[in-house]
Amino acid sequence: MRRVEQPVDAGDSRWLDAAASLATRARPISAPNPAVAALAVKDGVVLGRGWTAPGGRPHAEAMALQQAGDAARGATLYVTLEPCAHASPRGPACADLVAEAGLARVVIGCTDPDPRTNGKGAERLRSAGIAVTLADHAACRDSLAGFLTREVKRRPHVTLKLAVSADGFIGPLSGEPVAITGPIARVHVHRQRAMAEAILVGAGTMRRDAPRLDVRLPGLEALSPRRFVLTRGEAPSGWDRLASPQAIASLLPRQYLYVEGGAQTAAAFLSAGLVDELHLYCAPLTLGQGIPAYGALGAAAAGAPPPGFTCVDRRALGRDSLRIFRPHQET
């Protein structure tokens with residue numbers, strides 16, 4: 001199905017940004033479905049909003065349209081992902097629901113790569129007389145990174161997290177655990193864990209630190225991701241084994257994998273080209289000498305990324321800072 005992506009004006013972009021932000025509420029509880037959000041808007045007023053419910057149903061469009069009711073007639077629906085065009089035993093196709101709602105216009109932030117929908121959802125809406133704008137919106141793509149990676153690359157989206165000193169080390173050469181970052185940065189890490197479906201460390205880190213890798217934020221404890229260890233040996237009780245970085249394809253249909261290290265594991269994923277996003281939590285302290293953040297690939301002095309990565313975001317977390325990098329071709 002041929003698709004034509006169109007630019008959106010500032011007003012449409014603002015509403016798509018809002019929908020992408022709302023979609024965060026569905027991650028990762030919508031799994032295995034993508035975390036989608038939708039806003040029904042008329043004359044600058046939100047009439048209905050929705051995001052993918054736990055377990056994947058109802059979908060975001062159904063929730064937003066149910067909330068808007070008859071007021072949806074003549075309104076614009078902003079949705080982060082193309083409405084699905086395939087029926088399911090669990091519910092009707094969203095493209096049909098949207099087509100029947102009497103909307104004047106639908107603005108879609110991202111095409112669905114699933115061949116059951118790709119372009120077909122938008123075409124079904126146009127056939128119903130609805131004006132459709134099919135955008136290629138950065139915030140919507142970002143909100144769907146796990147789903148898009150799974151569908152296109154057939155593996156989960158990988159975020160590599162490292163806490164580093166100002167001179168680029170993750171700990172002293174002795175291997176003794178040292179708190180690199182402060183409490184605000186650690187809280188942020190727990191938030192990131194809560195948005196992943198799987199979390200991984202290397203065998204050395206598991207043996208040395210016995211990490212819990214759970215979520216310790218009030219009300220979010222149930223979102224602790226499944227724990228994996230990178231090893232060719234046996235995984236201990238309560239852990240699952242991953243033999244190599246390339247084996248992450250076996251984690252499907254999971255969409256998000258959070259890799260917490262250590263240095264050899266970081267180097268293995270970086271060398272395999274399997275890091276989609278790098279989170280460097282940079283502390284102002286120096287160690288003088290220590291374990292290079294990227295293992296054999298070197299230290300992260302002054303918060304520098306490995307070759308091939310570009311900084312896309314930076315923020316302060318108390319005394320520390322978070323720097324987010326992506327591969328050049330992903331920016």
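View 1. Phi of alanine 210 is near 45 degrees, a positive value in a residue other than glycine. Alanine 302 also has a positive phi, of about 60 degrees, although it is not a glycine, and its place is in the loop between strand 11 and strand 12 (309–317). At 58% relative accessibility, alanine 302 counts as exposed. Most residues other than glycine have a negative phi, and most peptide bonds are trans.

Residues are numbered from 1 along each chain as its sequence is written. Because the model is predicted, local features need pLDDT of at least 70 and side-chain atom pairs count only at pLDDT 80 or more, while totals for chains, interfaces and linings use all residues, and side-chain values use heavy atoms, with hydrogens and water left out.

View 2. Arginine 57 and proline 58 are joined by a cis peptide bond with omega of about -5 degrees, and proline 58 lies in the loop between strand 2 (45–51) and helix 2 (60–68). A cis peptide bond also joins leucine 252 and proline 253, here with omega of about 15 degrees. Proline 253 has its place in the loop between strand 9 (240–242) and strand 10.

**View 3. The salt bridge of arginine 326 and glutamate 277.** The closest N and O atoms of arginine 326 and glutamate 277 are 2.8 Å apart in a salt bridge, a term that requires a side-chain nitrogen of Lys or Arg within 4 Å of a carboxyl oxygen of Asp or Glu. Arginine 326 lies in strand 13 (residues 320–327) and glutamate 277 in strand 11 (residues 277–282), so the pair ties together parts that are 49 residues apart in sequence. Salt bridges that share partners join Asp142, Glu277 and Arg326 into one network. Arginine 326 counts as buried at 19% relative accessibility, and glutamate 277 is buried with a relative accessible area of 12%.

View 4. The side chains of aspartate 114 and arginine 116 meet in a salt bridge, at 2.8 Å from N to O. Aspartate 114 is buried, with a relative accessible area of 9%, whereas arginine 116, at 48% relative accessibility, counts as partly exposed. Aspartate 214 forms a salt bridge with arginine 216, in which the closest N and O atoms are 2.7 Å apart. In this pair aspartate 214 is buried, with a relative accessible area of 17%, while arginine 216 is partly exposed, with a relative accessible area of 42%. The count of salt bridges comes to 17.

**View 5. Helix 6 and the elements against which its buried residues pack.** Helix 6 (residues 145–153) has as its buried residues Ala145, Gly146, Phe147, Leu148, Thr149 and Arg150. These buried residues pack against helix 5 (138–143), strand 6 and strand 10 (256–259), with contact taken as heavy atoms within 4.5 Å. Helix 6 is followed by arginine 154, whose phi is positive, near 60 degrees.

**View 6. Threonine 181 in its loop.** Threonine 181 has its place in the loop between strand 6 (157–164) and helix 7 (183–194) and is buried, with a relative accessible area of 9%. When its neighbours within four places in sequence are left aside, threonine 181 is in contact with Ala163, Arg186, Tyr281, Ala283, Arg319 and Asp320.

**View 7. The protein that surrounds these details.** The protein has nine helices and 13 strands, and buried residues make up 52% of its 331 residues. Among contacts between residues at least 6 apart in sequence, 72% join residues at least 24 apart. The C-alpha atoms fill a box of roughly 65 × 40 × 40 Å, taken along the principal axes.

Key:
Helices (H or I, at least four residues) and strands (E, at least two) are DSSP runs, numbered from the N terminus. Buried means under 20% relative accessible area, exposed over 50%, partly exposed in between (1.4 Å probe, protein chains only).
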